[in-house]
Amino acid sequence: MKAITFNSFGEADVLELHDAPAPELRPADLLVCVHAAGVNRADLTHRRGGYGRPNFGDSTIMGLEIAGEVIETGSETQGFKVGDRVMGVVGGGAYAEIARIDYRMAMPVPESLDYVHAAAIPEVFVTAHEAMMHLGRLKRGDSVLIHAAAGGVGSAAVQLAYATGASIFATADGNKLERVVQLGADVVIDYRKQDFAEVIAKATDGRGVDVVIDFVGAPYFKSNIASLANGGRLVQVGILGGGGTVSVELEQILYKHLQILGTVMKSRPQAEKHDMVKRFREHWLERFDGGARLEPVVDSTYPLARAADAHRRMESAANVGKIILTMDVASVS
């Protein structure tokens with residue numbers, strides 16, 4: 001099979017297309033002919049050496065989400081058969097023509113979706129549900145601030161919040177705000193030109209929002225705390241703007257009854273990942289078919305051989321929604 005490999009950490013041009021052995025099927029695995037694979041910021045971190053070694057995870061090949069056709073099933077798998085269309089989160093190995101996936105991390109592809117759009121669902125929608133609904137406990141009538149709302153997880157979170165019946169404040173680059181409104185945001189904020197804490201204070205008469213979903217990190221921390229209402233929850237999903245040390249007045253947390261929660265999917269134990277996928281599947285999967293549909297937002301597609309260009313696209317921060325790699329399925333052997 002063809003796969004993307006890299007021999008050293010570095011810029012996007014370290015990614016190369018080579019022949020690689022197909023993954024070994026384990027008892028709880030499905031072997032999948034991959035039609036499309038999602039590109040995630042974790043892949044950039046992997047490529048640059050942020051995880052310390054090229055084989056971090058379940059494979060020497062990078063990539064965390066796939067959509068494709070089951071070509072073999074392990075002896076312990078349940079609910080799937082050869083020929084099924086599936087999508088899901090893998091522990092590595094997505095940038096390849098064949099990948100293995102723990103069957104408990106797999107989901108059926110909704111009938112109305114092609115493989116490209118299916119590959120835009122698993123990582124971002126599961127993460128958005130876990131952060132906002134499970135940890136943040138967002139419910140109808142609540143208000144939420146979603147940062148980086150034009151990105152993969154952000155655009156998914158906006159849709160889930162809208163479907164829940166929450167009031168949505170969203171930050172994004174000015175030229176992406178119109179698209180964020182189309183996804184369901186009530187108030188959009190140009191993070192380059194506006195102070196989001198001031199906008200929220202004015203719009204809520206000083207009350208603040210019930211939940212903040214943040215991917216930026218330290219630069220936003222103080223303003224995120226200031227933007228929370230009494231009993232509010234800050235869920236930290238990423239640190240795109242930098243990690244390190246932050247400071248906060250403990251009185252704010254104490255007397256406003258605030259909660260600060262963190263979540264990272266990649267480093268969780270496998271059993272917890274199974275639960276995350278199950279929660280999302282039971283609550284939302286059917287909403288990708290039918291009338292009031294959820295929409296996998298695809299920014300662009302690149303053939304597997306141009307994985308480096310897909311990484312450059314993500315690094316440019318110009319994308320709205322997911323960047324997807326596509327495979328030449330006819331060449332799989």
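**View 1. Two domains in one protein chain.** The domain assignment gives domain 1 (2-120 + 296-326) and domain 2 (125-262). The model is predicted. The centres of domain 1 and domain 2, taken over C-alpha atoms, lie 29 Å apart. Domain 1 brings 11 residues to the contact, and domain 2 brings 11 residues.

**View 2. The area buried between domain 1 and domain 2.** The size of an interface is often given as the accessible area lost when the parts come together. Here domain 1 and domain 2 bury about 730 Å² between them. Carbon and sulfur atoms account for 67% of that area. On the side of domain 1, R41, V297 and V320 supply 51% of the area buried against domain 2.

**View 3. Polar and charged features of the interface.** Three residue pairs are in polar contact across the interface of domain 1 and domain 2. The count of salt bridges between the two domains is zero. The residues of domain 1 that touch domain 2 comprise seven nonpolar, two polar and two charged.

**View 4. R268 in its loop.** R268 sits in the loop between strand 13 (259-262) and helix 9 (270-284). R268 has a relative accessible area of 17%, under the 20% cut-off, so it counts as buried.

**View 5. The surroundings of R268.** The side chain of R268 makes a polar contact with the side chain of E130, at 3.2 Å. Leaving aside residues up to four places away in sequence, R268 touches E130, L135, T263, K273 and M276.

Methods. Residues numbered from 1 in each chain as written. Predicted model: local features only at pLDDT ≥ 70, side-chain atom pairs only at ≥ 80, totals over all residues. Heavy atoms only, no water. Domains from an automatic or database assignment. Contact = heavy atoms within 4.5 Å. Buried area = accessible area lost by both parts, 1.4 Å probe. Salt bridge = Lys/Arg side-chain N within 4 Å of Asp/Glu carboxyl O. Polar contact = N/O pair within 3.5 Å; in protein donor to acceptor, adjacent residues only side chain to side chain. Nonpolar A, V, L, I, M, F, W, Y, C, P; charged D, E, K, R; others polar. Helix = DSSP H or I, 4+ residues; strand = E, 2+ residues; numbered from the N terminus. Buried < 20%, exposed > 50% of the residue type's maximum accessible area, 1.4 Å probe, protein only.
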